Every structure is written in C-alpha cells, then in structure tokens.
Number of protein chains: 4
Amino acid sequence: MIEVALFGAGRIGRIHAGNLVRQKGASLKYVVDVNAAFAQELASQHGARVADAQTVFDDPAIGAVIIGSSTDTHAELIMRAAAAGKSIFCEKPVDLTIERAQACAKAVERAGVACLIGFQRRYDPTFAALKSRIDAGEIGEPEVLVVTSRDPGAPPLDYIRHSGGIFKDMLIHDFDIFRWILDDEARTVYASGSCLSDQAIAEAGDIDTTVVTITTRRGRLCQINASRRAAYGYDQRFEILGSAGMLQAGNARPTEVTAYGRRAVSQDLPEAFFLERYRAAYAAEMAHFFEVLQKGTAPRTSVKDGLEALLLAEAAAKSFREGRPVEIGDARDGRLADVLAAVAAAAQ
Amino acid sequence: MIEVALFGAGRIGRIHAGNLVRQKGASLKYVVDVNAAFAQELASQHGARVADAQTVFDDPAIGAVIIGSSTDTHAELIMRAAAAGKSIFCEKPVDLTIERAQACAKAVERAGVACLIGFQRRYDPTFAALKSRIDAGEIGEPEVLVVTSRDPGAPPLDYIRHSGGIFKDMLIHDFDIFRWILDDEARTVYASGSCLSDQAIAEAGDIDTTVVTITTRRGRLCQINASRRAAYGYDQRFEILGSAGMLQAGNARPTEVTAYGRRAVSQDLPEAFFLERYRAAYAAEMAHFFEVLQKGTAPRTSVKDGLEALLLAEAAAKSFREGRPVEIGDARDGRLADVLAAVAAAAQ
Amino acid sequence: MIEVALFGAGRIGRIHAGNLVRQKGASLKYVVDVNAAFAQELASQHGARVADAQTVFDDPAIGAVIIGSSTDTHAELIMRAAAAGKSIFCEKPVDLTIERAQACAKAVERAGVACLIGFQRRYDPTFAALKSRIDAGEIGEPEVLVVTSRDPGAPPLDYIRHSGGIFKDMLIHDFDIFRWILDDEARTVYASGSCLSDQAIAEAGDIDTTVVTITTRRGRLCQINASRRAAYGYDQRFEILGSAGMLQAGNARPTEVTAYGRRAVSQDLPEAFFLERYRAAYAAEMAHFFEVLQKGTAPRTSVKDGLEALLLAEAAAKSFREGRPVEIGDARDGRLADVLAAVAAAAQ
Amino acid sequence: MIEVALFGAGRIGRIHAGNLVRQKGASLKYVVDVNAAFAQELASQHGARVADAQTVFDDPAIGAVIIGSSTDTHAELIMRAAAAGKSIFCEKPVDLTIERAQACAKAVERAGVACLIGFQRRYDPTFAALKSRIDAGEIGEPEVLVVTSRDPGAPPLDYIRHSGGIFKDMLIHDFDIFRWILDDEARTVYASGSCLSDQAIAEAGDIDTTVVTITTRRGRLCQINASRRAAYGYDQRFEILGSAGMLQAGNARPTEVTAYGRRAVSQDLPEAFFLERYRAAYAAEMAHFFEVLQKGTAPRTSVKDGLEALLLAEAAAKSFREGRPVEIGDARDGRLADVLAAVAAAAQ
C-alpha cells in the first residue's frame, strides 16, 4: 500500500484524488490546501486527513506526493519532496523560470525519486494510440507535424498576468507534444503572434493568438497554431505527415448524435474544455504513475520533459520579442546558457 | 447511507459494484454469488462481506439489492426482495416467461418498492441526448425509426440454447429502444429471419439474423435489423425520421485517430462490445438508481418496461414461427391473454 | 456515327441531350415533344431538328431513340421503336401495368434490339463502386440489405394521382437496387405504410411513408424504408451487411465545407434532389448506352429488370392492401399469373 | 458569338477546350501547339482549325485567347494578345520572374483587355462556398488561416529543374488562397523547408517540403504547409479561425462508400490529383471567363493577383535562403524594388 498526500484541493486536485483512490494499492492519507474548507471537504470524501506540508514531509509512511497546487508552489514542493525521498507527481509546469525548473531537475536526480510531470495529453487515448502507430512504422518516417491548440475562451486577466505568457501557459503542452510525437529536438523556433480577441490581453502584456514554426535537428518541420479563444470551444488536434501516410488526432465529442435539419447536417461540438476532453487522460496518467511506483519504471513524462518544454517556451517568447527565428543553440549558449551555468554552479 | 447487497459477482456484477461505490451515500455491504471465490474477491476489493441470500433479505439495514446474477434467478430474487421491502435494481430480462415477469410486476407493485430494470441503453449519452432532442421538438413529429443492432459474434451454443432465442435475448433491448424513442406502443409486429452465419445455431433452435417491422397505434413505423455476428464488431445505431428533420445515433469509437494510408482513409472500429460501448451508460444507470432511491422518483426503466419488451419479443417470435404479422391485440387476447389471466388469478 | 432521336424535351430530356452530345460517335438528329416550344429550344441548342414520332421511326438513319417523355407514352414508344429496329434507351418505368410492361419485353426480345431502362442509380459512382466491391468479395456473403430512400417533398397531388402509387413511383428504384445489390430474387414481400405528412395524399389514394421487408430465395433479408417527404432533403443511402464486413453507400454533398459554430459542427445537406444527386449517374448511364450500341454488349439495366421491379411493386402494393406478406409465388401464380398468361397468349 | 483560340493542346488545354465548347455564345476557332499531332487531334474533336500564333493575333474575328501552353510562353503570349486587343485567359503563373510578370500587368492595363489568370482553386465549389460564408460574416473577423497543400508525388526531376522551385511552382496557389481568403496582404513571410522525400530533388536545387508563416498588415496569421509527396494522394485543405467560429474546406472523394472491415472503418482517399479534384473548378472558371467577356465585369483572378502571388513566392524563397523572416517592405524596397523600378522605367 502506497500512502499519498495531495497538495491542492481545487478543480484539478479533485480530479487527481478521484483517480488516485481507484488505484489498487493506493491510499490517500493527507490533503493540503491553503483553503481549509476545500481541503476538509475533499479529505472527508475520501477518508483522508487535512494536514500541512511539514506533516507530510515528516511522515515516513508517505510514499508519494501529488502536487496540484498553484504554479508558484511547484518548484519548492518538488524540491522538498525530493529531499524527503517522496515520489512526485506534479502538474505542469515545473516552474515558470528555467533556473528553478533546472534546480528541480537536479534535486530529483540527486534524490533518485520518481518524478512525473503532468503532461496529461500524452495519456489521451487518441494521442497515445496515434503515437503507438507512428512507432509501429505505420506512416514511415515522420516529416511534418501540424498542431492546432485552441482554448474556448481567455482566462481572467489576473490569471493571464501571472501565467508566464501564452508560450509558457498554453504552448508548453504543444511543445511537449512536438517533442513526443516527432521524437526529435528543436533546432530553431520562430514565433509570430497577435492580440486579436481582446486588447486587455495586450495591455496585460500578453498575446492571444500565435503561430510557431519549429525545425528539428533531423530536418523535420512543425507548425503550431494556438489561440486563447475559439468561439466553438476547445480544439485540440494534430496531424503528422510521414513518408508512407498521414495520421490525424481529432477531438472527442460528448455524443455521437448526427442531426439532419433544414439547413445543415450537424454534430456535437468538441468536449467543452480540458477537464472533459482529457478525463480519460487524467485517469490513465494516474494509473501510469502507480505503475511507475510499483514497477520502478521511468515515468513517460519526466522532469526533463518539463524542463525542455519550458526551454522551447522561452525560445518562442524570445523569437516573438525579437521578430526572428531563435536557434536553440542560441538559447542554450546565450542568456539561457549563462543562467543554466549559474544554476549548475549553485547546485554544486 | 443506503446499504446495498449485490447478487452476482461476474462480469456485469463487477461493473455494477464499481459504479455503486462511487455513489455518494451508498455502501456495498454484501456480495452473493454461487461462486464463492468470485464473491470473496469482489467483496474484498470493496470492503464488503460475502453472504447468502437469506442473510441479505433478513438484514433490516439493507435498503437495496442489485441483481446481476443469471437470468433464471431474476424473478425469484425480485419477488423475495419485494417481499422483504428492498429496493431493486435488476439486470434485464425480468424473466424469459410472460407469466413470471407479470408476477414480478405484481409483486413489485404490491410491495411499493422501487424497481429499476437494467435497460442500460436508455442511459447511453448518445441515445439519451437524442431522446431529449426529440422531446424538445427538434424533429417535429417522429415518423420512422430504423434500428441496427449487431453483435460482434454469436455466443457459445450452450448460451444460445438457454437464451430464450434471439428475440428475447438480443432484440429485447431494441424493443425497449422502440418503445422509449417513439413513446408509442406496437399495433402489429412482423418478424422474418434466417440462420446465415452458423448452421449450429439453427440446430440449437435459433436464428442469427432477423428483420422486424413494427407499426404503432399512432401509425408510425419501425424497422429493426439485428444480427448475432458482424465481422467488424459491435454495431448499435438507430435513426429517427421526423416531420421536421432526422436524428442519428452512431457508434462510439475507442479513439479519434484518422489514418490516411495508400489505399484508404480509415478510422477506428466501434467500441468492441457492450461493456466498452455502454461503460458510461452503466455508470449513469447506477447514478439514476440512487437518484430514484434518494429522491423517491420513478425509475426511467421500470418493471413494466421489462414486461412490455418481453411481450414484443413473444409477439415477434410468434410472427416468425407463423410467417405473418401478429396483432398485439392477438397476443394479449389469445394465448398470452389466457396466461395473463391465469397469472392474475393465481396472484390474488 | 449513331444518329439519335430524343422523345421528351422536359427536365430529364435536357439532361439526356446534354450527355448524349458528349458521346463520341453520337449525333442528336431529332427532338420530339408535344410542347413545340420546348422541342424547338432543345433542338436549336444542339443543332437538331424538331420532328414527330412517325418521322423518327420512318427514318432509316436513326439508330437509337431516347425516351424521356411522360410515363404513359413509354410502352407505346418502346413497341414502335422495337418494331422499327431502333435501339432503345427508356426512362423508368417501362409502364405502370405488368401486362404492358410484359408486352414491351416481348417486343424487344422479338426485335432483338438493345433496350436500356433508365435505372440511373446503378450508374451512380458510389453505388457502382460499392457493387463492385461486393462482387470482388470484400464483405464475403451478402446477408442483410437496408435501403433508405426519401424525397425532399411530395410531388403535386395531381402527379400522385397518376403516379401508380408510392410503390410503382418511388420504390421501383429501391426494388431495382435490391435485385442488383443482392443479386437475388424475392421470395416474400411485406409492406406496411402510413400517410403521415399530408392527409391530401391519403385522399388521393396513396401513402407517403412505407417500410418494406423482402426475404430472398437464398434466405437473405432486405429492409426498405421510404418517405415522400424528408425535411432535410433528398436522402438516398443503403448499407449491406456481409459475412466478412459491411459497406455503406452515403449521400453526396454539394461541398466539403465543415463549419464550427457556437452550437454545433455542421456540414452541407445532401445534394438537393435527383438531378443534382445523380448528375454523374446520368452521364455514366448514357456513356454505357453508347458502349452497348458500339460494342454490342447487353445493357446493365434491361427491360427484364424493368419488369421485375414492377412485379415487386405490385406485390408490395398487394401486401400493403391485404396486411400480410405476399409470396412472390402468389403474385406470379395468382392474379398476376393470370395476367401474365393472358399477355403471353395475346403475344402469340 | 465569341470566337476563341487555344494555345496548348496538352492535358490542361484539352480540359479548357471541353469546358469552352459548353459555353453558350462561345466557339473554338483555332488550336495552336508546337506538337502538330496534339493540335490536330484536339482541333478535329471540336471542329476547330490548327493555326500558328501569328494567324491568331492577325484574325480580327478572334475575341479571346486561352493560354494553356508551357510556362515560358505565357508572358510573350499575354503581351502579344494584349497588343492585339484580345481578351486573355492564361494559366498560372504569369511568368517565373517578377519583371516579366510586371510587364504583362502593364501591357494588359494599357490595352484595357480582360485578363483572367487561372488560379482555378478560387472556383472550386468548396473553396468558393467557404469564401462566401466568410464574406457573409459567418465566422466574424478572420484571424488564423492554416493551409495544407500536398501533391501525391514529385514531378520528374527535369520538370523540377525548370519549375522555378517549390515556392513559385506549388505554393503560388497557396499564396493566392491566402490573399483571397483573408482579403489582406502580407507584412512578413517566413519559410523553412527540407528535402525529405528524395535527395535528387535537393541536387536539382529544390526542396520538397516547406512550412511558411505569413503575418498580415491587419495582424492576422497564416500558416501554410506543403509537400511534393503525400503517400495517400492529393491533399488540398484549409481552415480559417474567426472571432465567431471556424470553417474548414476538406477534400472531395470519388465516392461516398464507407467500409467496415475487420480492422477499420474506411473511406475513399481524396480525388487523385488536380484534374480530378478541380474538375468542377475548371468548368466554373471557364464559365466565369465568359461571364466576364459577356458582361464586362472584372475577372475574379486578375493579372495583378498573378503578380502578387509571384511576389510572395519570391519573398518566401528569399526567406528560406536567408533563414529569416522577410518584410514585404524589404522585398518591394530592396532587390525587388530595384527590379520593379527598372521594369517600370523600361515600360515607359
């Protein structure tokens, strides 16, 4: 039996709790949240206790922690969990800064604990099946990846101000998809963007629409188009052209009803937002975490994946600011390299 | 808290148990199965106890029973549960004979307990959404219903021999869909059929393929086509033409991958069989049962629905044997009426 | 060069003329129509002359006639053309009576001329491709055919009064599809029907909605559902279940636009009516006719096919009137047999 | 009656001839081709004469010329036709050099003749319907356009060597789609590319795969992905996100057959290549040309459109060579501006 503590009793925390208690050999012991009422309600529902972080890290019975609290707490909790020898499941992103994300990676490595970063899309049944079919050679050599990633609407401005910007907040998922699906690394990143839906977003220092081009070390090409607002809902698709064919990953729909009316033949819009669309993905992700813990295998979405996606987000943001393609060499060897060196020095 | 006993620890019993323990205010107390090992395993997983039927009915703490045991046990368990004042969730069919099904209906009525019959298709998200849209008037007056119902492959011959025949075993679901979707009753039933996939099925006294026509009291028309074997899997669709449009209920697929290969553009086959296809339906059905228990509302699939579907199955079998349309008046006033009268007399 | 005369300068006549003049080795010489203005306009457009029927049949240069005039003229024109040794392309139906249709078949046989009946659906690219794939064994043995056939709206009442009824007017196409796709003949026919869209149709002695069941000599099953009115347009689909798979023939759409709006994802309605839907079929049908003329092969839709479809329509009408399945033996041996014998006697 | 001369009796010339002779008020008088046999065959089929260019331009009866000969002849024929006062229908591209294309535009303007450039995609029923729906405001303000453009296979190397490169040869169509659909002009163009299918293409100085990003003057974004080789055939799609919805233009298929086999549900591949896919577009384009001639309206695809698309192709090629986004200001004001100035000077 693996006893687990959950940080964060909000929307995503409740999803993780529900999936956790269905795992054989798992038991939810503590819920930690700055909002005592939320923590208490979730703890009651699953027969767990409310606790503070120190209690969790001090309790030798706790084998794993699930970090679903706010982004600014991730890095510290990862480092404390690693220091306490707890296995870690942490929502993306690791952190909004390369430095701290790098420090987390080091801490995890030093402690030798499992650390899964919640890029839940990799566990989506459609995306995972598509990846398996590429790996099985169905489309030959992958050549071009086109990713479409649109939210149903922009979050509140206050969220946007602290989100790290569209590249770290939204596209970080798409950068992870890129690395995973093409099994390749970026050579250059070029990002253009605009603020088209609401000028208040521009005033908050962000954009709402972006198109990104990535060229890879192996000469492959990737295009991402993302928007914070699609009038018709949540739109998460990609397609990959290979030398022997093409695979598309489409949206799931709530139902399979087709209506023939006087003006058109129509079907359901895609699932409303990420909690609905990725319901099965969150369940599979948690099952994978316990498989990792029970079998000792490496997590499919590691802290290094979290770091690399963040690096691409930084590079895209730089490209957008400077209006030119950024060599990932640039990113590593220039400003980011300095930072990474400093982090490395500090970590020794 | 409603304490519940589960009869049947097989495949469907495990599905019901998993859905049951997720209901707020529900607790699984007993598991009953002739196979002690099955019962023990399922009871352990959910913190319940193994018991025999008498213990269940004698325990005043038990508020509801879930009957997922073999068909020949349904009627007796329903009648004992009703007599003991327990609420009932019973897998379809109520029974293979009109007489006993009728007796169950009487017993439930006399006891005044809730009794939900497991026509899970009514709880399928696609089917349920379509029904709501008809009820909202989207297609005007319903006129023609076409139901397609195909299993991926025939069950073992031994199952077929005791199944009551294709009309009671397979089409009973489709007869229930007919009554529910059209909100109307049959006036005539005409069934044709053949044994096309395996002559052993004919030797077992059954057919594997049938087409049924139903005319309704309000002049509407229904066609059902059913087969025990579809090479491509489990196929459960229907479409309804109305005066102002048409609605189709399609199959769900495991993933939304579309593949462009050298010869065709392809997508996943439908979900493999009923446990996969109706996963969400089983969950919604159990949630509905607890809603019925907690709010005191009538179940959406009552013991009367079970009886009426069985009556249509009898009428279809008679039509097939006699090669002519059967008036439902015939069925009620002829052989079946005698039977029903006898049952009624015996019940007084 | 084959010189051709066209009877009928209405809507379908113009379609046939346009397809005819694109055939290599074909030349339109005469247009015949009771409406002189229509005849003149069509003749002018294609450099042909207006003529009367006698001129056509007397002109030894005419190799073939195309009969697109009103139904009540078909039989006489076929018989006169056959007598004059002209090859024949005639719109369906051959005639509304078995007797006259039979007489046409005899006349064609005696004259030894080619006679193609315009069951254009067999030439539809979708239907024809599906048939080829069945013939190539893709779905193994065909078992169940489900045909959906709906018009966008009922024709004028005056048309309905002279149409021969829904079975001869609309379902004759579906009966031909049945015979062609299953490559089998009917053993029994059972038809139910209602008048649901407009009571004036009932007063005109017809119905607007029907469902038909056919069992075949080889034990296969066919269901047809047809309606004179579908609010969403013209709907012409079928699907065939075989021992190794299933094939569906869907509707064509005017465009491949998909729209994601605030309420649904929508696509075009099917092509509006038969002229649009079967545009390619009419072209292929005419090309086939000239192939028949130039290569001396048998037409894919013969006068016998016209007669057999009419026989099924009669049987369906009888079944509907009598409320029971009609054995095709009945039809041939009973009233129809008498008729056929009389026709045969008269023809000697 | 407008008498017409056709230059080019190859594949596309035959398509144009077939569409031309169906126009009311049009007559094909001359066919011109360096291949005498091709010219003779096409002329015979349509009752036209073989002639040389001089005869065409000297014949005052000729009202319009259709230029479907090889690319290197376009500019000269346009200029000669303009000088002779003939209306012009010319296949894309106007020319492979900005200078000569510019000169053509000037010549056409000076002569005041109609000149339609054969960007046939704008006449495709799907693309044209989508554009009308944007114009009708269905998706609000257009924001992001994603264009997918893939050929079934690379042309012969000899063709590639003289094609002007992938940007002028393939993407010129996509650049035209961009300008038309967004009704906006490029501010920057960024192109990346690779040679992935066949190294011989790289040796011929070209690439086979490219992704292009365009930002517009109004802040909109466009991504194009193009490949000279898709294993599954010809793939021509685009989608446009707007403030109120999204529209997708999909591929057409040869048939609407859906097959359910043991492994997948499959449909036809897209139409094989441009002649099949754009069959209706070529017909509509020719009809539009005669509408322009008969009504005196402006052609929907003008010589200016040809010039602007070529400019984008040059800019994309420059971006690809230099590895950076090209400001269209750059293009016009830098090398291209010099060229354009020289052309302008020369033209005075």
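What you are looking at is a predicted model, in which local features need pLDDT of at least 70 and side-chain atom pairs count only at pLDDT 80 or more, while totals for chains, interfaces and linings use all residues. Residues are numbered from 1 along each chain as its sequence is written, chains are lettered from A in the order in which they are written, and side-chain values use heavy atoms, with hydrogens and water left out.

Stay with this interface for a moment. Counting contact as heavy atoms within 4.5 Å, 40 residues of chain A touch 40 residues of chain D. Six salt bridges join chain A and chain D, a salt bridge being a side-chain nitrogen of Lys or Arg within 4 Å of a carboxyl oxygen of Asp or Glu. One that you can pick out is between the side chains of R229(A) and E143(D), at 2.5 Å from N to O.

Which elements of chain A build its side of the interface? Strands 7 (142-150), 8 (186-194), 9 (209-216), 10 (221-227), 11 (235-242) and 12 (245-249) of chain A each supply at least two residues to the side that touches chain D. Strand 9 of chain A gives the largest share, six residues. Strands here are DSSP runs of E with at least two residues, helices are runs of H or I with at least four, and both are numbered from the N terminus.

Now look inside chain A. The side chains of D124(A) and R277(A) form a salt bridge at 3.8 Å, N to O. This pair links distant parts of the chain, 153 residues apart: D124(A) sits in the loop between strand 6 (115-118) and helix 6 (125-135), and R277(A) in helix 11 (residues 274-277). Over all chains, a search of the whole structure finds 101 salt bridges.

Finally, turn to chains B and C. Superposed by least squares on the C-alpha atoms of residues with pLDDT of at least 70 in both, chain C can be laid on chain B with an RMSD of 0.1 Å by a turn of 180° and a shift of 0.0 Å along the axis. The two copies are thus related as by a two-fold rotation axis. Of the residues of chain C, R324(C) comes closest to that axis, with its C-alpha at 3.1 Å.
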